[in-house]
Amino acid sequence: MTKRKEIAIYGKGGIGKSTTTSNLSVALAEMGYKVMQIGCDPKSDSTNTLRRGRFIPTVLDTLRSGSSDLSKIVHEGYKGILCVEAGGPEPGVGCAGRGIITAIELLNQKGIIEEYSPDVVIYDVLGDVVCGGFAMPIRQGVAEQIYAVTSSDFMSLYAANNLFKGIVKYANSGGALLGGIIGNSINKTAQQEMINDFSRKTGTQVVEYVPRSQTVTKCELDGMTTLEGSPKSKQAAVYRSLAKKIIESGNSFVPKPLDPEELWSWGSTWVSRLLGEQKVAYEGIQDSKGGGI
Amino acid sequence: MVKKVKLSEKIVPTREDRLGTIIAYGGRANELVDLAARRCLKAQDRSFTQTTFCQEWLAMFTLATITDAVSIVHAPVGCSSSLSCINIFNRLGHILRGRVPSNARWLSTNLLEADTIHGGEEKLKKAIIEADKRYQPKSIFVFTSCVAGIIGEDIDAVVEKVQPEVTALVVPVHCDGFRSKVWASGYDGSFHGVLSYLVKEPTAKRDDLINVVNPLTVGRLDEVEIERLLNKLGLKANFIPCFASTDALRNSAEAVLTTSLCPTYSEYFVKLLQERFQVPYTQEVMPIGLDNTDLWLREIGNRLGRKEEVEKIIVEERKRVEPKVAELKKKLKGKKVFVSAGQSRAIGIPNLLADLGLELIGVTAFHYDEVISDRFAELTKRCGNFCTSIANVQPFEQTNILNREKPDIYLGHLGESVWAAKQGFPTAMILIYLCLYAGYNGVVSFGSRLINALTNPAFNKRLADHASSIYRDTWYGEQPFKYLKGD
Ligand SMILES: Nc1ncnc2c1ncn2[C@@H]1O[C@H](COP(=O)(O)OP(=O)(O)O)[C@@H](O)[C@H]1O
Ligand code: SF4
Ligand SMILES: [Mg+2]
């Protein structure tokens, strides 16, 4: 591989970023790439399923201990994936955003990425783009492509829309562009259609729909990614397909985020449609019979 | 517009919020008076501004000279850089009080990169314990900063937690630099801490004790003059907070009255001391100039029910100094003067100058609000429609104004007079510990200083001949208030 590919995965907390990222890393490693996964979340659990659930010392812990020796922060996980956790403050103190800035600066200054020279670097970044710190991987010179993980939950799409705003802000100054949307926990057609509609409205594209699957949960309980724990499963195949699309895709977008009012009214029409479908699924009630929801 | 102050709040609202303070205005005095009277004064800002002070400076300036206290600055180390300047005042102040000069004592928690991420509360706790052990102070003041504020350090909680472990009384002072553009907000943060954590419920009231709230920039010589006048009324002056002991602050609720040598400085403290401990106050004006000193004394007389005694003192003092003032006036009459000062002094000094017959052609006040609006209106009645600029130290505007107004003499603070000097104008500083300004003697003392400056203009002239031009010539062709913009 000639040029290193650096991407960042964003999305609302708990939406499945780390699960998706870790499976993506394994899929890429299976294809022969040298992958480094950098968790940018104070929870420091991004790479856990690559190491049977074990935690590793973080970049910021190392800095805090007064050491400038960052040689111990890169840990090999499953299939030789290079695992790094940025770390962050305890809940309720300090500043996590500043933590991300510092961790990424340190990794650069100390030449850590250069030293290991991975083919692919994936940043797994906590949550919404709430401040400059969380936008760090978007800015010039860090990742070149951003992927938004979202379910069909309105708040999750709201977070994706905020991410798009962050991308637009830096798009003209050499910042990262959007690679696409990854739909996660998508089992119904209506959910797919909603995300599809969102991508159309924002001028972006959906890379993959990842279904919600018990296999993921089971493997996670064993401290493994789906690709390690259940390599032949249907779910594993979905992650492999995602990896292939991401590594081959050259498409990048400057997204067109919706303004809040537009987003709300768009969201409310979809939510009532999804609720309607749910009612049919659970209660066998058709809209015409039930009436007046 | 004006919010009521409440001691129950952890953090005092800024002066912009509480008093509608403005920091930018340019025009004639009458216009400002009119706008203020009609409540049409807009909070303007500058689209270009030069470096100015941060409120943390003023918060530290308020408490750093307390003799048995230690200051802890919870900040990156740079935020305490101004303490070395405060320390010059501190050492000088000790000398003028006949004490052996000693350094102000301060520690910085030296917040580093890692602390801004993980929080610095542990470090602060350690610093408090260390300060207590190292210096055995009676009080410890903890000053916040931008970094502490941005990462949300809960210094009140740290103070509460650590208090049982130390002997000193620990006082949090909220003064994050970015919170207010009006640096005087820093005074309020300090006094709020003092009122909430130090001042005790009085065990007895003392009807001979009067609190005199005095900023660090009004010197010991002024205090001596004020003490002399108060002694005539049989009152003992408790000068607080600068150079006072922790106990002097703790016992301030015992006083019969609180008065002030600078209303801008004391504004919040005296109101809250009254609200909480029922100590009445006066803070109309700085006792600078004959009329203002009369007024200052009368206010005290009224509050204490001792009007006649005060009138007697006024007559006595006037009789003594008026002949001297008349002498000075002969030499100073008609000289055109420009004054730049903090807002209370910007009223006081011009009144003193008017006593001496000078012609006021312009005033720059660092900020403007209801604390001085009435007095400012009166000043226009006495001194006419002079050029008025409200600026938190903006030399580029100042030099342009002076270039137009061409005063015979310029009066400003330490760092400001140097600009006027480079322009060749005779200058006299309004803050110098070795000159007296306050009270009746202050008029005579400052008057002779002015004559000195006016009769020895050669140095500044030479300086102007040889100094390179401060700004480009084109700037002097522009309007001085070009960079003021509406909200
Ligand atoms: N496609 C999926 N199917 C089933 N469970 C999932 C799926 N994606 C994520 N999860 C589960 O959701 C939880 C949160 O996922 P995680 O990747 O840790 O979220 P994030 O990193 O976005 O905070 C985990 O318990 C994970 O196993
Ligand atoms: S408190 Fe803020 S404005 Fe003040 S010196 Fe520190 S960083 Fe600067
Ligand atoms: Mg995660």
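In this predicted model, 17 residues of domain 1 of chain A are in contact with 12 residues of domain 2 of chain A. To find the two parts, look for domain 1 at residues 5–258 and domain 2 at residues 259–293 of chain A. Their C-alpha centres lie 31 Å apart.

How much area do the two domains bury between them? Domain 1 and domain 2 of chain A together bury about 1400 Å², and 75% of that area is on carbon and sulfur atoms. On the side of domain 1, the residues that lose the most area to domain 2 are A:Phe154, A:Met194 and A:Leu258, which together account for 44% of what that side buries.

Now turn to the polar side of this interface. Between domain 1 and domain 2 of chain A, 3 residue pairs are in polar contact, with both residues at pLDDT 80 or more. The rule also finds 1 salt bridge across the interface of these domains. If you zoom in on A:Arg273 and A:Glu193, you will see their side chains meet in a salt bridge, at 2.5 Å from N to O.

Which helices supply the side of domain 1 that touches domain 2? Helix 5 (154–171) and helix 6 (189–201) of chain A each contribute at least two residues to that side. Helix 6 of chain A gives the most, with 7 residues. Taken by residue class, the side of domain 1 that touches domain 2 of chain A divides into 9 nonpolar, 3 polar and 5 charged residues.

Terms used
Residues numbered from 1 in each chain as written. Chains lettered and ligands numbered in written order. Predicted model: local features only at pLDDT ≥ 70, side-chain atom pairs only at ≥ 80, totals over all residues. Heavy atoms only, no water. Domains from an automatic or database assignment. Contact = heavy atoms within 4.5 Å. Buried area = accessible area lost by both parts, 1.4 Å probe. Salt bridge = Lys/Arg side-chain N within 4 Å of Asp/Glu carboxyl O. Polar contact = N/O pair within 3.5 Å; in protein donor to acceptor, adjacent residues only side chain to side chain. Helix = DSSP H or I, 4+ residues; strand = E, 2+ residues; numbered from the N terminus. Nonpolar A, V, L, I, M, F, W, Y, C, P; charged D, E, K, R; others polar.
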